Amino acid sequence: MKNIDSISHVTGRSLYVDDIPVRTGTLYGVVFTSPVAHGNIIKLDTSGAESMDGVTGVFTAKDIPGENQIGGIIPDEVLFADKKVVFHGQPLALVVAKDEFTARKACAKIVTDIEPLEVVTDPREACNKGMLLVPPSTFRSGDIHKAWDQCAHIFEGKTETGGQEHLYIETQGAYAYLMENGHIKIRSSTQGPTHVQKSAAEILGIPMHRVEVDVTRLGGGFGGKEDQATAYACMAALAAMHLQKPVKLILHRLDDMRMTGKRHPYSADFRIGLSGALKIVAYQATFYQNGGAAADLSPAILDRSLFHSTNSYFIPNTEVTAYSCKTNLPPNTAFRGFGGPQGMYIIEAAIAKAAHELNVPASVIQEKNLLRENDPFQYGQVAKNVHIGKCYQMLDKEFGIKKIAGEVAFFNQENVLHKKGMALMPVCFGISFTNKSMNQARALVHIYQDGSVGVSTGAIEMGQGVNTKILQVTSRTLNIDPERIKIESTNTTRVSNTSPTAASSGADLNGKATEIACIQLRKRLIKTAGSILGVNPGRLAIYDGWVTCDGKRSKLSWEKLVKTAHLERVCLSEQGHYATPFVHFNKETAKGHPFAYHVYGVALLVTHLDCLRGTYRFDKVCIVHDFGNSMNIDIDMGQVEGALAQGIGWMTMEEVSYDKEGKLLSNSLSTYKVPDIFSAPRQVVCIPLPVKGPKPAILRSKAVGEPPLMYGIGAYFAIQNAIKAFNPSYVPDFDAPMTPEKVLMRLYQ
Ligand code: MTE
Ligand code: HPA
Ligand code: MOS
């Protein structure tokens, strides 16, 4: 089935926040932000802006009737800075005017006096100064101290990974307006409508039931709107409440880039020990996460880095400690993979280091240490239905790892100024929110009198195709034509207390809730059909718009059945509630069963380096991916390709850079380069692993949103291998992204 949004996307009819027809009297907001990264606010004078023609209001911390607090996990983040500013671009005020241009001009009239304080942007420096967002976390297995004695080889190193700008096509924004009796409705571009609802209620000092949040779709989120959409929704709501007028606030691209948090940069130290037979015996690492100025989702992201610190390998003795460091940068946040990619890069760097020192291909070490059935993860969960070995074998069978390695070596022999490099990237990614309580969802399904169906869930459509998948679940469970089904907007009054659409589990959680509701409705309707037809309901089914009896079409159509059921006063609406079974995790002991299942896959990447220019391209990426039983292979392949491109971008060309004063330098699309069609791999071949999907996956179709991003990590090591082929004295270092500038330096160092 095609993505139900394709036509409206390509014809420009899909509605985003900025496309909502505005109500009469709508006003426009622009955020005034801190010009410095750290300081005491001595003066914030908004009078110049307020007196400007066309300006209807300027709102600051003192205008907040409720609590000036939007922290998601811990309450450490204000909506508007009041006494101190802690990052460059931190909101100080919202200027509201008759149009955006006037509001922007008025911002320039605001006068501040901020006493500068020391700016820290480096996570290790912050850690040394004791500036941590939360206490450090450690995951352990085996006995790391004894393990070193059993190692034939021990290697150490240091790694850096950079930030990443989400660059959703639709920037952050919200439109807030009053309903009857001063209730407020917010149209928000958020992955987490309930977080918006809760925070707006707290900011306004009103109960949650007075705030309605509605989301049609997002022009991309990628984690950047898991909780960072909240601030702008709260600001629009605050102004709307004060002015009693509709207020729209859409961030300009450049403001979005400088104000919002990104993927967390990590700095890390590792130590890896191997046996003579190249089994990894011990792995020790310390992660320094650059959290930015407030916790945001950093603690949960830190946890996921630990969960994925051994990627798809079994390592009997491990000790990994992670620090979430408080720096004067915009609070960093969720980004596809949620800390997993950072953790995986470090173990891959450790393996690359060992491979270099021992002069063996990294793939040999990777293969020897792949996770096997019933191996315990370092967090206690025992690995079941492990497919990583199968993915590896299938990749080899389909593409020939040795054959490709031979082609690369031959090319490198024949060419002086062009070199190729290859790398393998296995991935094992856990599916579920690592916070147990978030693994729940609800769906509300209405069958209307005419037989058409409306489905509401907590899922947010952000391009990943979750609405299409939920429509498929409904269609398959009720056994009716997809044309009869409509997926409604995500609205907090129809489906409440939602988890954000994140952790790749949007389709699993909301799809299961939809399935539960549809099964109930189907049962009820079959029972009704039984009494209409006067036969035992056990003989009946719904098939293709008709009731069937013993597999043969009866004279009762779906429409007739629904209509009769309604006349008979049978309830045609149902709410389904789903909570993922068996997941738990004890933070004290760092042990448990946090994931419903894992997604596996292996990628092989071949890069082609121009050794005069330092530029590179990717010739091909071959992937074997474990989709389970994909319910929509076109959508899922799209997720693999998009995530791969995003992963390669993070590892190669995307370089978030701040100056020492904490000001974003890569603040536009001319200074921050994202992959485009020209930098996409020349060839991407992805083969689905033929295996049965697990039960907690919706229709046994595994979650797919995040895992393939990590295939992109192989890009770094492929380029590194190409550099080695040109410059034998290059000692591999681990400082991502591997930009062309860095490549050039390494070719001739
Ligand atoms: N795909 C598109 N097109 N746009 C997005 O914003 N977000 C990714 C992924 N794929 C994203 C996307 C992220 S970060 C997650 S967690 C999942 O989609 C969320 O959706 P799902 O849970 O329905 O897979
Ligand atoms: N993944 C994504 N988002 C989250 C998670 C997670 O594990 N936990 C809390 N928010
Ligand atoms: Mo995705 S980073 O879990 O929104």
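The legends below accompany close-up views of a predicted model.

**Figure 1. Surroundings of ligand 1.** The shell around ligand 1 comprises 19 residues, of which Gly-221, Phe-222, Met-462, Gly-506 and Gln-639 come nearest. By class, this shell holds 6 nonpolar, 11 polar and 2 charged residues. An oxygen atom of ligand 1 lies 3.0 Å from a polar side-chain atom of Gln-464, and a backbone N or O atom of Ser-505 is 3.1 Å from an oxygen atom of the ligand. A nitrogen atom of ligand 1 is 3.3 Å from a polar backbone atom of Gly-463. Of the 520 Å² of accessible area that ligand 1 has on its own, the protein covers 92%.

**Figure 2. Surroundings of ligand 2.** Glu-226, Ala-300, Arg-304, Phe-338, Phe-433, Thr-434, Met-438, Ala-502 and Ala-503 surround ligand 2. The classes represented are 6 nonpolar, 1 polar and 2 charged residues. The side chain of Glu-226 places an N or O atom 2.8 Å from a nitrogen atom of ligand 2. Arg-304 has a polar side-chain atom 3.2 Å from an oxygen atom of the ligand, while a backbone N or O atom of Thr-434 lies 3.4 Å from an oxygen atom of ligand 2. The protein covers 97% of the 260 Å² of accessible area that ligand 2 has on its own.

**Figure 3. A nonpolar surface patch.** Val-416, Leu-417, Leu-612, Leu-744 and Tyr-748 form the patch, and together they have about 480 Å² of accessible area. Val-416 is located in the loop between α13 (401-414) and β16 (418-431). Because its relative accessible area is 62%, Val-416 counts as exposed.

**Figure 4. The salt bridge between Glu-118 and Lys-129.** The two side chains meet at an N to O distance of 2.9 Å. Glu-118 lies in the loop between β6 (111-116) and α4 (123-128), and Lys-129 in the loop between α4 and β7 (132-141), so the pair ties together parts 11 residues apart in sequence. Lys-129 is partly exposed, at 40% relative accessibility.

**Figure 5. The salt bridge between Lys-185 and Glu-212.** The closest N and O atoms of this pair are 3.4 Å apart. Lys-185 belongs to strand β10 (residues 184-188) and Glu-212 to strand β11 (residues 211-215), the two being 27 residues apart. Both Lys-185 and Glu-212 are buried.

**Figure 6. The salt bridge between Lys-587 and Asp-303.** The closest N and O atoms are 3.0 Å apart. Lys-587 lies in the loop between β25 (584-586) and β26 (591-593) and Asp-303 in helix α9 (residues 298-307), so the bridge ties together parts that are 284 residues apart in sequence. Lys-587 is exposed at 51% relative accessibility, whereas Asp-303 is buried at 10%.

Note on methods:
Residues are numbered from 1 along each chain as its sequence is written. Chains are lettered from A and ligands numbered from 1 in the order in which they are written. This is a predicted model: local features need pLDDT of at least 70, side-chain atom pairs count only at pLDDT 80 or more; totals for chains, interfaces and linings use all residues. Side-chain values use heavy atoms; hydrogens and water are left out. A residue is near a molecule or strand if one of its heavy atoms lies within 4 Å of it. A polar contact is a pair of N or O atoms within 3.5 Å; within protein, one must be able to donate a hydrogen and the other to accept it, and residues adjacent in sequence count only if both atoms are side-chain atoms. Accessible areas come from the Shrake-Rupley method with a 1.4 Å probe; for residues, only the protein chains shown count as cover. Ala, Val, Leu, Ile, Met, Phe, Trp, Tyr, Cys and Pro count as nonpolar, Asp, Glu, Lys and Arg as charged, and the others, Gly among them, as polar. Patches are made of residues with over 30% relative accessible area and no salt bridge: like charges are joined within 9 Å, nonpolar side chains (Val, Leu, Ile, Met, Phe, Trp, Tyr) within 5 Å. A salt bridge is a side-chain nitrogen of Lys or Arg within 4 Å of a carboxyl oxygen of Asp or Glu. Helices (H or I, at least four residues) and strands (E, at least two) are DSSP runs, numbered from the N terminus. Buried means under 20% relative accessible area, exposed over 50%, partly exposed in between (1.4 Å probe, protein chains only).
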